[in-house]
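The sequence and the coordinates come first, and the notes follow by topic.

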Amino acid sequence: MLWYKGWLETRPRVLFLIAFAWLLSPPGQLAFLFALVPILLAGSGIETQFPWKTKKGPVSTYFTLSLPVSRFRLFATRAGLGMLETVGIFAIAPCAKWVLFIFIGAEDYVSRSDLFALWVSLSVCASAFYFLGVLVSAFLDERVSSTISIVAAGLLFSHSSPAPVNLYRAMVSPLSAHSLPWASMGISLGVAAVLGLAAWRVVQTREY
Amino acid sequence: MIFYLNPSTGQPLYLQLMEQIRHAVETGALKAGDQLPTIRKMAEDLVMNPNTVVRAYRELQHEGIIELRHGSGVFVSESVGGRTRVTKKAQTIVQSALDRLADLGLTEDEIRRLFENELAQHRPGKASGGDHE
Amino acid sequence: MSDWVIEARGLRKSFKGQPVLTGLNLEVPAGSIFGFLGRNGAGKTTTIKLLMGFLKPDCGDARVFGLPAGDSSAGLEIRRRLGFVTEDKEMYPDMTVEQIIRFTRGFYPKWRVDLEQHYLTLFDLACRKISDLSKGMRSRLMLLLAISHGAELLILDEPTEGLDPVAREDMLRELVAISASEGTTIFFSSHQLEEVEQIADRVCIIDDGAAVVAGSLDDLKTQYQRLRVVFAEELRTPVRWGEGVEHVRQDGRTVDILASGNVEAIINQARSFPGASVERFPVTLKEIFLQHVRSD
């Protein structure tokens with residue numbers, strides 16, 4: 001039931017982000033904003049995350065920590081859930097929306113393989129942003145961690161850096177390149193692994 | 001049987017409970033052979049620690065006032081009749097002493113303080129006199 | 001091999017250079033109801049967090065069920081066997097009562113449905129969202145969750161805080177009942193001296209991060225006595241009282257003494273003055289508490 005708990009915590013955000021991604025689709029000039037999806041879904045499992053709440057709401061941290069479940073399981077479940085939600089949202093928008101709009105004739109044709117590649121590249125390149133968010137949320141207060149993550153993402157993954165480092169461009173590159181951005185995906189996964197490990201170390205040793 | 005304990009008087013609760021049970025036996029409110037509540041029931045009814053009830057029951061059992069019969073429960077000893085007689089005798093002594101002290105003109109508070117003072121210094125069997133006048 | 005359910009030796013903990021625990025020792029025997037008392041900021045919650053493994057001590061050793069409290073795998077075993085009620089009484093606001101029971105149940109190997117049902121009816125917890133519950137109802141729900149997995153030990157941080165007198169008495173009664181029927185050890189921190197006096201059999205008073213008084217409540221009440229000595233005439237030089245005298249207050253010919261032991265010798269010393277009379281009074285937990293936590 002840890003998954004269900006995580007779902008309850010992220011549900012409002014998921015719904016908002018589906019709408020957000022829907023509006024961003026098909027990917028145009030603002031495609032780099034897709035990176036907001038993983039950032040806002042990131043969480044480290046111990047403290048509940050409610051970004052941008054005006055006053056500090058109740059925090060169930062101690063109840064969660066008192067359960068006979070390892071911190072690792074709490075962390076991994078929440079991290080896994082957010083990533084799955086990210087992948088799921090991208091499946092809906094841009095991908096499913098595009099398929100639908102092609103079907104009703106509102107959009108030009110795009111090949112299935114390109115759409116699938118788009119889904120994969122969005123999801124894999126999102127992982128670096130995701131685990132950046134996870135790391136920030138591991139030690140910052142719930143209300144500010146999203147903002148800080150966004151700022152950090154802007155600084156770290158610069159919009160104007162060259163490929164393959166430019167993950168923003170890589171996310172939607174299958175549309176123009178008709179192939180997967182392997183180098184960028186590799187970089188993203190590598191960065192995600194490092195950040196994820198760092199986030200775990202913070203959660204593992206942190207005092208609450 | 002209704003007991004009332006006051007945790008804030010400073011007297012240990014197990015002593016309070018013991019006194020109240022003893023008092024009930026002496027005045028005949030509890031008769032020989034009557035059953036007392038189980039430890040758990042007593043603790044719950046009075047909202048007090050079960051270990052305290054255990055201690056009170058154990059001390060009373062030691063004094064012979066109650067007995068714990070395995071499987072059946074806690075009962076007032078058959079032999080308490082004797083204790084009641086002693087208490088009745090003691091009551092008579094105290095009553096006549098109080099009458100005499102009242103005749104001397106002492107108020108209730110004065111009598112009470114006198115008793116407490118004497119009890120604090122009392123050595124059973126020692127002749128009165130002590131170290132000072 | 002000790003059989004203390006909770007044992008702490010020399011616990012020290014500082015936050016940002018400020019010492020909070022300065023060498024705390026604690027011994028909680030199995031089956032006891034243990035009251036942990038102290039002023040705000042004395043270190044009660046920090047101690048509880050250390051026992052629960054939320055924090056690690058700077059030095060010292062804390063053990064629960066004989067296992068090291070800060071260790072992660074031992075901590076898992078410890079948390080399987082104990083129940084905890086947090087100070088803030090916060091759970092997951094969007095879950096209903098039924099959902100959080102199902103959620104919690106999944107983490108424990110054994111679950112006592114009989115206890116769950118007993119407390120559901122007793123506490124009158126309808127199937128509502130947790131965010132709709134009052135603090136008192138949340139305290140009861142947390143207690144239900146803590147007890148229903150058959151915990152051997154309950155660690156409760158201010159369990160009756162925010163409860164009205166009737167609800168408080170109900171909770172105390174349930175604690176006493178679970179102690180009597182299951183033999184559960186109960187360790188609770190509190191500000192309320194009266195309720196500790198009512199149900200605890202052992203207490204520890206913590207002040208400035210260390211234990212200043214600890215032991216069986218009955219023993220403390222027997223050892224501590226108040227003596228009122230009335231001298232025949234006012235003393236010009238104060239008496240040098242023997243061992244065991246905690247506090248002396250003089251008013252004219254009357255001297256009020258709080259003694260923590262050695263009472264007979266003190267009485268004899270008082271009686272050695274011609275014309276002096278001595279009265280004894282029992283001492284409440286409040287007096288013992290105030291005596292030991294008043295800043296000197």
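Two strands count as paired if DSSP finds at least two bridges between them. In strand 8 of chain C, for instance, Ser189(C) is the bridge partner of Phe36(C). The model is predicted.

**How the chains meet**

- Two pairs of chains are in contact, and chains B and C share the most contacts.
- No contact joins chain A and chain B, and their closest C-alpha atoms are 27 Å apart.
- Between chains B and C, the contact involves 30 residues of chain C and 24 residues of chain B.
- On the side of chain C that touches chain B, at least two residues each come from helix 6 (165-182), helix 7 (193-199), helix 8 (217-223), helix 9 (263-271) and strand 14 (277-282) of chain C.
- Helix 6 of chain C gives the most to that side, with eight residues.
- By class, the side of chain C that touches chain B has twelve nonpolar, eight polar and ten charged residues.
- The contact between chains C and A takes 22 residues from chain C and 16 residues from chain A.
- Helix 2 and helix 3 (97-105) of chain C are the elements that give two or more residues to the side of chain C that touches chain A.
- Helix 2 of chain C has the largest share of this side, four residues.
- The side of chain C that touches chain A divides into twelve nonpolar, three polar and seven charged residues.

**Chain A as a whole**

- Chain A has nine helices and zero strands.
- The C-alpha trace of chain A spans about 55 × 35 × 30 Å along its principal axes.
- The radius of gyration of chain A is 17 Å, which agrees with the value near 17 Å for a compact globule of 208 residues.
- Of the 208 residues of chain A, 46% count as buried.
- Among contacts in chain A between residues at least 6 apart in sequence, 77% join residues at least 24 apart.
- Asp108(A) lies in the loop between helix 4 (71-103) and helix 5 (112-139) of chain A.
- Asp108(A) counts as exposed because 9 other C-beta atoms lie within 10 Å, and the cut-off for exposed is 12 or fewer.
- Asp108(A) and Leu118(A) are ten residues apart along the chain, and their C-alpha atoms are separated by 16 Å.

**The six-stranded sheet of chain C**

- Six strands of chain C form an open sheet in the order 6-7-8-3-9-10, with mixed pairing.
- Strand 6 and strand 10 (210-216) of chain C stand at the edges with a single partner strand each, so one side of each has no neighbour in the sheet.
- From one strand to the next, the twist averages 15°.
- Helix 1 (residues 44-52) of chain C packs on the sheet and touches strand 3, strand 6, strand 7, strand 8 and strand 9 (202-207) of chain C.
- The direction of helix 1 makes about 145° with that of strand 7 of chain C.
- Strand 3 (residues 33-38) and strand 8 (residues 185-190) of chain C run parallel and are joined by five bridges.
- Strand 6 of chain C and strand 7 (residues 153-157) of chain C also run parallel, with four bridges between them.
- Phe84(C) stands opposite Ile155(C) in strand 7 of chain C.
- In a regular strand the side chains alternate between the two faces of the sheet.
- From strand 6 of chain C, Leu82(C) and Phe84(C) point one way, while Gly83(C) and Val85(C) point the other way, and all are buried.

**Helix 2 of chain C**

- Gly75(C), Ile78(C) and Arg79(C) are the buried residues of helix 2 (residues 72-81) of chain C.
- These residues are on the same side of helix 2 of chain C because they cover an arc of only 95° around the axis.
- The buried residues of helix 2 of chain C pack against strand 4 (59-64), strand 5 (67-68) and strand 6 (82-85) of chain C.

**Backbone details**

- Most residues other than glycine have a negative phi, and most peptide bonds are trans.
- The peptide bond from Ser25(A) to Pro26(A) is cis, with omega near -5°.
- Pro26(A) is in the loop between helix 1 (2-24) and helix 2 (36-41) of chain A.
- The peptide bond from Ala93(A) to Pro94(A) is cis, with omega near 15°, and Pro94(A) is in helix 4 of chain A.
- Phe65(C), in the loop between strand 4 and strand 5 of chain C, has a positive phi of about 55°.
- Glu158(C) has a positive phi of about 50° and lies in the loop between strand 7 and helix 6 of chain C.

Terms used
Residues numbered from 1 in each chain as written. Chains lettered and ligands numbered in written order. Predicted model: local features only at pLDDT ≥ 70, side-chain atom pairs only at ≥ 80, totals over all residues. Contact = placed C-beta atoms within 7 Å. Nonpolar A, V, L, I, M, F, W, Y, C, P; charged D, E, K, R; others polar. Buried ≥ 20, exposed ≤ 12 C-beta atoms within 10 Å, placed from the backbone. Arc of directions from axis to C-beta. Rg over C-alpha atoms; globule rule 2.2 N^0.38 Å. Axes fitted to C-alpha atoms, helices over the stretch in contact; angles between N-to-C directions.
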